[in-house]
Amino acid sequence: DSPLGETILECYNCGCRNVFLLGFISAKTESVVVLLCREPCLNVNALKDMNWDLSQWCPLIDDRCFLQWLVKIPSEKEQLRARQISAQQINKVEELWKTNPDASLEDLEKPGVDDEPQPVALKYEDAYQYQNVFAPLIKLEADYDKMMKESQSKDNVTVRWDIGLNKKRIAYFVFPKEDNELRLVPGDELRLRYSGDAAHPAWQSVGHVIKLTAQEEVALELRASQGVPVDVNHGFSVDFVWKSTSFDRMQGAMKTFAVDETSVSGYIYHHLLGHEVEVQMVRNALPRRFGAPGLPELNASQVFAVKSVLQKPISLIQGPPGTGKTVTSAAIVYHMAKQGQGQVLVCAPSNVAVDQLAEKISATGLKVVRLCAKSREAVSSPVEHLTLHYQVQHLDTSEKSELHKLQQLKDEQGELSSSDEKKYKALKRATEREISQSADVICCTCVGAGDPRLANFRFRQVLIDESTQATEPECLIPLVLGAKQVVLVGDHCQLGPVIMCKKAARAGLAQSLFERLILLGVKP
């Protein structure tokens with residue numbers, strides 16, 4: 001109803017449509033206004049050559065209302081007719097709109113729409129009850145994640161082609177960020193499609209993101225090498241390939257926790273469920289010095305942390321930013337590895353954190369293997385030389401030369417004959433096992449601990465860094481491989497786990513295991 005009618009409010013200079021940044025300036029003579037955003041256009045003096053006085057700029061929003069001439073305030077009579085709606089209802093309707101754009105307030109009344117899942121508890125009777133609470137929350141998050149990602153298709157994408165060192169095709173294109181939460185990360189799978197034309201048949205191939213350039217360009221390494229329309233640059237479509245791996249592994253870990261009594265020690269099992277247990281000490285000879293070779297000297301509070309952690313079956317280390325959590329963690333892992341209890345498993349929810357920790361632990365002289373997801377093997381990493389796939393390629397022994405030959409053949413031809421492929425897989429698996437078994441420490445993400453390549457490994461000692469950024473079922477994945485001594489490092493005063501689905505977050509999926517253990521009285 002305002003004089004502007006259907007006009008879209010946007011900055012005259014840059015097209016910004018964020019109304020909280022927009023303001024207007026009146027012309028000195030006529031009844032015209034120009035809209036400008038506060039950042040950057042007002043500051044860079046974008047209209048200096050025109051007849052506008054920038055000092056007259058006023059925001060479009062004043063006292064939490066649009067200006068009168070933009071949106072008129074309803075009369076008393078109209079306000080009486082309006083329905084009262086709470087902020088909570090508004091949030092719920094907005095959630096509904098994501099799956100059903102036509103939903104109205106009445107839809108909230110429908111049965112099943114507003115059912116909140118059973119919230120997480122502090123204590124659980126047994127692992128089955130635990131699983132019954134968490135499984136539906138993970139399912140909610142998985143379904144939501146799938147819906148968000150699969151709605152991300154883009155058409156009319158322009159591609160430029162390249163070829164990687166491993167002879168694989170790489171497609172570069174811009175995948176514009178929408179206003180939603182999704183951001184691409186290396187390792188994500190995308191499907192590139194071309195509908196075909198007079199000269200080209202329809203084509204599609206899945207690939208994975210190997211890097212994102214500063215210009216928001218995505219580099220996608222394709223699986224297919226034959227029939228790629230490299231002479232075409234326009235008219236491609238991109239879809240997101242949703243992978244359920246991380247959610248499947250969380251569900252799997254909870255199942256293992258419930259049915260396999262060797263998955264964790266009795267003490268840890270009862271402690272995680274919040275049962276009363278007698279305090280246990282770990283009987284291990286303590287080292288004479290608590291620092292570790294190749295690391296900076298520890299200060300008094302770091303030494304105290306290392307010393308007390310080595311004596312307890314479950315410990316939490318809380319450290320605000322910059323207090324040396326990573327160095328302390330690396331020192332703990334060093335001493336654990338020296339106790340001869342078998343290999344130590346070191347995890348964190350993010351790849352960046354795992355890489356940092358792997359680097360520090362490797363500096364102490366321990367043999368470290370960094371296990372990456374297969375989809376991330378092409379992603380460059382600061383600890384490339386520690387990764388399992390790198391160590392497999394660079395192992396020098398006689399039977400490995402056979403693997404090298406096959407690998408070379410595979411890279412050159414793109415595929416092997418079925419008998420060669422069998423031989424290649426068997427050799428590769430044996431080599432991976434050999435290298436992994438000879439390591440002192442295995443580093444991977446929490447979800448990575450569910451990798452089939454670790455299926456037959458047992459880890460009595462597990463350290464999880466940044467554990468406050470992982471959901472509880474995510475933290476469980478590395479624990480159910482035989483944990484008897486667990487160290488969780490983190491800071492519950494910083495960012496918690498990212499949960500996309502509001503319903504699951506409200507029910508408590510956003511609370512980390514670290515936080516629940518604090519509530520249960522474990523002193524960090």
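In which sense, parallel or antiparallel, do strand 8 and strand 11 pair, and over how many bridges? Bear in mind, as I go through this, that we are looking at a predicted model. Strand 8, residues 169–174, pairs with strand 11 in the antiparallel sense, and 5 bridges join the two; within that pairing, alanine 171 has leucine 220 of strand 11 as its bridge partner.

Strand 11 also runs antiparallel to strand 10, residues 203–212, again with 5 bridges, and here glycine 207 is partnered with leucine 222 of strand 11. The hairpin of strand 10 and strand 11 has 4 residues between the strands, and in it glutamate 216 takes a positive phi near 65°.

Let me turn to another sheet, an open one, in which 6 strands pair in parallel in the order 13-18-17-14-16-15. Strand 13, at 314–318, and strand 15, at 368–370, stand at the edges with a single partner strand each, so one side of each has no neighbour in the sheet. From one strand to the next, the twist averages 15°. Strand 13 is joined to strand 18, residues 485–490, by 5 bridges, and serine 315 has valine 487 of strand 18 as its bridge partner.

Two helices deserve mention here. Helix 8, residues 325–337, packs on the sheet, and its direction makes about 170° with that of strand 18, whereas helix 13, residues 472–479, packs on the sheet touching strand 14, strand 17 and strand 18, with its direction at about 150° to that of strand 17.

Key. Residues are numbered from 1 along each chain as its sequence is written. This is a predicted model: local features need pLDDT of at least 70, side-chain atom pairs count only at pLDDT 80 or more; totals for chains, interfaces and linings use all residues. Side-chain values use heavy atoms; hydrogens and water are left out. Two strands pair if DSSP finds at least two bridges between them. Axes are lines fitted to C-alpha atoms, for helices over the stretch in contact, and angles run from 0 to 180 degrees between N-to-C directions. Contact means heavy atoms within 4.5 Å.
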